[in-house]
Amino acid sequence: MLFRSGGGGFNSTITLSSNITLNSALPAMTVQMNIRGNNWTLDGTNAGPNSSGLTVLSTSSTPSTISGVKFLNFGGAGVDLVGARNTSVTGITVTGSTVGFRASGNLSGSGVFSSTFTNNVIGSVLSSAQNLKVGDVGKTNTFTGGTAGLDRKSTRLNSSHLVISYAVLCLKK
């Protein structure tokens, strides 16, 4: 796995092993970062009952990317976007977690594309999420098993949002 972090006048690169089992939650990502997993697995079985695989908080205007990561068995969400602007989540897999992905706040410029959410209790939760693009032509997301789908009952939608897309649900048995 490759981490590239920018901000505060520095850049860093960290290389980690292909499969990681967490014994506690990771700290939230608060600066611009590019995570390219090349299909490595982050296992949250022992991370704690409400831990998310990766929490991204209000990142800068510089784009962040999360791609190619497999999130497994998290008590919270595989990926949790909280006001994370300009964040692209592409080609991830979340399996066996409470929530596949969760999003809230203004997510202008952010999107979840070409990802797979399998056997999670809930596929995705959008809680007052604004300006998040979920799927696109040729970049659909797949939800299978569990309670497949999108819980958007508290999502605020109005004409002032430039882009709001809904998940393309591919239900399979």
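Leaving aside its neighbours within four places in sequence, T41 is in contact (heavy atoms within 4.5 Å) with S18, N19, I20, K70 and L72. The structure is a predicted model, in which local features need pLDDT of at least 70, side-chain atom pairs count only at pLDDT 80 or more, and totals for chains, interfaces and linings use all residues. Residues are numbered from 1 along each chain as its sequence is written, and side-chain values use heavy atoms, with hydrogens and water left out.

T41 itself belongs to strand 4, residues 33–43, where strands (E, at least two residues) are DSSP runs numbered from the N terminus. With a relative accessibility of 18%, T41 counts as buried; buried means under 20% relative accessible area, exposed over 50%, and partly exposed in between, using a 1.4 Å probe and protein chains only.

Side chains of opposite charge can pair when their charged atoms come close. The structure holds 2 salt bridges, a salt bridge being a side-chain nitrogen of Lys or Arg within 4 Å of a carboxyl oxygen of Asp or Glu.

| Salt bridge | N to O distance |
|---|---|
| R102 and D80 | 3.1 Å |
| D136 and K133 | 3.1 Å |

Notes: Helix = DSSP H or I, 4+ residues; strand = E, 2+ residues; numbered from the N terminus.
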